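Good morning, everyone, and thank you for making time for this.

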Amino acid sequence: MSKSVVKVYKRPAGGWGALKSVASQIMGQGNPAKGVMTLLSANQPDGFDCPGCAWPDANHRSTFEFCENGAKAVAAESTSRRVTNNLFERFTVTELNAQTDYWLEDQGRLTEPMRYDADSDRYVPVSWDAAFDDIGAQLRALPSPDDAIFYTSGRTSNEAAFLYQLFVREFGTNNFPDCSNMCHEPSGTAMRESVGIGKGTVTLQDFEQTDAIFIFGQNPGTNHPRMLGELRAAAKRGAVIISFNPLRERGLEKFQNPQDIREMLAGEATDISTSYYQLTIGGDLAAVKGMIKHVLEQDALAVAQGQASLLDHAFIAEHTSGFEALQQDVAQESWETLSAQSGLSEAQIRAAAASYLKAERVIACWGMGITQHQYSVATIQMITNLLLLRGHIGRPGAGLCPVRGHSNVQGDRTMGIHEKPAPALLKKIEQVFGFAVPRHNGYDTVGAIEAMRDQPGKVFFAMGGNFAAATPDTAETYRALKNCALTVHVTTKLNRSHLIHGKSAYILPCLGRTEIDVQESGPQAVTVEDSMSMVHLSTGMNAPASEQLLSEPMIIARLAVATLGERSKINWLHMVADYDRIRDAIANVFEDFADFNQRVRLPGGFHLRNSARLREWRTATGKARFMPFAIPQSMTQKLSEQYAENLFTLATVRSHDQYNTTIYGMNDRYRGVFGERRVLFICADDLKMLNMQAGEWVDIQSVGEDNVTREAQRFLLVEYAIPRGCLAAYFPETNGLVPLGSFADRARTPTSKAIPVRLRKHLAMKAG
Ligand SMILES: Nc1nc2c(c(=O)[nH]1)N[C@H]1C(S)=C(S)[C@@H](COP(=O)(O)OP(=O)(O)OC[C@H]3O[C@@H](n4cnc5c(=O)[nH]c(N)nc54)[C@H](O)[C@@H]3O)O[C@H]1N2
Ligand SMILES: Nc1nc2c(c(=O)[nH]1)N[C@H]1C(S)=C(S)[C@@H](COP(=O)(O)OP(=O)(O)OC[C@H]3O[C@@H](n4cnc5c(=O)[nH]c(N)nc54)[C@H](O)[C@@H]3O)O[C@H]1N2
Ligand SMILES: [Mo]
């Protein structure tokens, strides 16, 4: 039976397979006509922003500015299925907990607020008034505001995020763990230090002008399908695309554009990557440092031969600091270490660097394959070093491009969702609103789990997301959540986090992005910021899934009134009656949002000023900083120990049929896996070494430094093109293997892409 799970996928990414998948998603959600109409409005000037990913849309140029996985996200939200009290009458919470994540999601949209009733172990309906009164009373009763924790997932609009941070800060805490903490946190940390701003410096226009795109640790065919459009256009123009990824990913190899009728009918496809480097997991730091070594060596050679320098010395002199320190650092690193650590040969690294040297304009993109590692901050700074050598920041066709995940995760940070807020922001909030804000830092995601686990009685409030499933060390996270006095989830659908609850618990159902949001002044629009700092409007067009749903801004406003009462300096209900008022408040706090309401109504919205793009360096040295980083000795040791002890490194990745913890289906088409999610990708040589075969079932044990045994059972071995010593499996099934204490230096992002593990044969349980 296991053999049929795996099929070799030879077709390009996109193509008819993508169209077929869109059609079946729409049909599967029960209302085809509505599904199609909804899709046609995604990413249109007067439509809604696709809740799929943060890749920008090219000024809404095509009627079909949606993609297969965007279609899944949209279809999932506009499903005709509903969760009513019926479901909760049929199942206790304990029984619901026995269901899969897929089943929970598949029940459809939540329709009314629910309260957990401990006597019957069921969720029961509750009125909005009663829910807000009780939550407000419990928040007020806490010994300190810091005993409450306010999580945010990145779908939350700018307006909701702004109100949320305002309420929470007036309440008195900076406890803002968010999905960024598990995602691009290291990008922000690294870039703020190196170039003075934690955001990408490119726009879509740069993709039209670039000569070379380097893609590190990203799988756009699945996670940012619209990016393949830009890559295809670049490839067709003759730009080179260089991919670094331990796994062979179909979307980085070949793409057939489902929106190009001619290409589809002719059966043509575009080659995406010019070169594909299958480095070892965690090998990017060494690979990029090796590229820098080659560049510096070639430059020295050229200069010695009386030729022009290969570096942009004018840029280095005027705009950077720390060049000599980087030179020394790189000179001290041996090719032997760089090659062993990256899993690439010296020749391969030199070849990649030669492509860099040939290009006039270079863009570097990266995703979770870079950020979810211990040395992620250093790796991103090494990528930045590489670009700085030839002045590839702040000119057309060149720059840094961290590719964000959630559709408004970047905007949420811009709006102040941050556990370590900048003092200037706090000061400004005080000035504009006239209340004193807490100055001390709050908990990030890892810190929040530790705090809830170690100190019973906290309140955990989530604006979206699925904290229980998305976080590391599942057992610890469950303990933490169950330790709470109160857990509250603002959500569209049922998920695991609602079932792993505190002593009391609420589910507060909200409008989704595709839905019409009517407030006192009429229908409202919200705004979002994409991965390239474009801010634009998003207007829902479907009737709400239920009459009882409230918008996220309204939920925050009513919670603020219920919690703060007379003591609040803000007229919450007035503000939320017309979202233009929220945007005016945003404009009062953030200079870059001046005339927000006017500018965001221009077609396509507006671009937020990016200082690094303008070569204005808001760093400690006032310059773009070269940041040296010696490959840690421990890393070199680890690798050799690893081979001696049959230790593998496991990366947890997304399948094609999931959106983070939301599982749409059981297939991973481009990797050739069908009908099964508990799979473990491994190479042929390692199978041989283990004396195991594809199709066998194994248990995965993680080997944490804390001596705690963490195990995930029953995974099907699938032979895959992946380097020796490296494994991959899907998240969230493997989150229990990530030790809570294993995170990125300085950014504290869980190391979900590098878990040391051992395998053993799964002993089948007896039937019955
Ligand atoms: N359809 C869909 N779209 C999504 C999402 C989704 O789940 N589904 N999630 C959204 C979110 S929140 C995010 S953050 C993004 C995530 O988008 P991606 O960053 O593409 O996410 P992943 O699938 O986690 O991993 C990316 C790649 O990293 C590679 N990789 C693993 N380890 C290493 C390594 O050490 N080095 C290198 N170079 N590569 C490595 C994996 O093989 C994989 O191809 O997508 C967003 N868009
Ligand atoms: N092992 C491992 N763990 C990881 C990762 C990994 O690669 N490996 N990736 C990490 C990353 S990059 C991220 S971003 C996090 C994601 O962490 P989260 O953002 O917490 O998780 P999601 O699965 O995106 O959240 C899905 C839920 O959001 C709710 N939702 C959907 N739309 C809306 C809406 O419009 N409003 C509200 N209020 N709720 C809504 C639904 O209830 C849905 O179940 O996971 C992280 N965890
Ligand atoms: Mo993410």
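This is a predicted model: local features need pLDDT of at least 70, side-chain atom pairs count only at pLDDT 80 or more; totals for chains, interfaces and linings use all residues.

**Ligand surroundings and chain layout**

Let me start with ligand 2, where an oxygen atom lies 2.7 Å from a polar side-chain atom of Ser153, a polar contact being a pair of N or O atoms within 3.5 Å, where within protein one must be able to donate a hydrogen and the other to accept it, and residues adjacent in sequence count only if both atoms are side-chain atoms. Residues are numbered from 1 along each chain as its sequence is written, chains are lettered from A and ligands numbered from 1 in the order in which they are written, and side-chain values use heavy atoms, with hydrogens and water left out.

Returning to ligand 2, a backbone N or O atom of Gly465 is 3.2 Å from one of its oxygen atoms, and a nitrogen atom of ligand 2 lies 3.4 Å from an N or O atom in the side chain of Thr492. Taken alone, ligand 2 exposes 930 Å², of which the protein buries 95%, with accessible areas from the Shrake-Rupley method with a 1.4 Å probe and, for residues, only the protein chains shown counting as cover. There are 30 residues around ligand 2, and Tyr151, Ala470, Thr491, Glu552 and Thr661 come nearest; a residue is near a molecule or strand if one of its heavy atoms lies within 4 Å of it. That shell divides into 10 nonpolar, 15 polar and five charged residues, where Ala, Val, Leu, Ile, Met, Phe, Trp, Tyr, Cys and Pro count as nonpolar, Asp, Glu, Lys and Arg as charged, and the others, Gly among them, as polar.

Now, which domains does the shell around ligand 2 draw on? At least three residues come from each of domain 2 (95-182 + 408-606) and domain 4 (635-766), the bounds being those of an automatic or database domain assignment.

For ligand 1, the shell holds 31 residues, and the closest are Glu249, Gly282, Asp284, Gln658 and Asn660. Oxygen atoms of ligand 1 lie 2.8 Å from a polar backbone atom of Met368, 2.7 Å from an N or O atom in the side chain of Arg654, and 2.8 Å from an N or O atom in the side chain of Lys753. Taken alone, ligand 1 exposes 920 Å², and the protein buries 99% of that. By class, its shell has 11 nonpolar, 16 polar and four charged residues. Ligand 1 lies between domain 3 (185-403) and domain 4 (635-766), because both give residues to its shell.

As for the chain itself, it is divided into domain 1 (5-77), domain 2, domain 3 and domain 4. The centres of domain 1 and domain 4, taken over C-alpha atoms, are separated by 30 Å, and their contact, meaning heavy atoms within 4.5 Å, takes 18 residues from domain 1 and 12 residues from domain 4.

Finally, two backbone details: a cis peptide bond joins Phe731 and Pro732, with omega about 5°, and Arg615 has a positive phi of about 60° although it is not a glycine. Most residues other than glycine have a negative phi, and most peptide bonds are trans.
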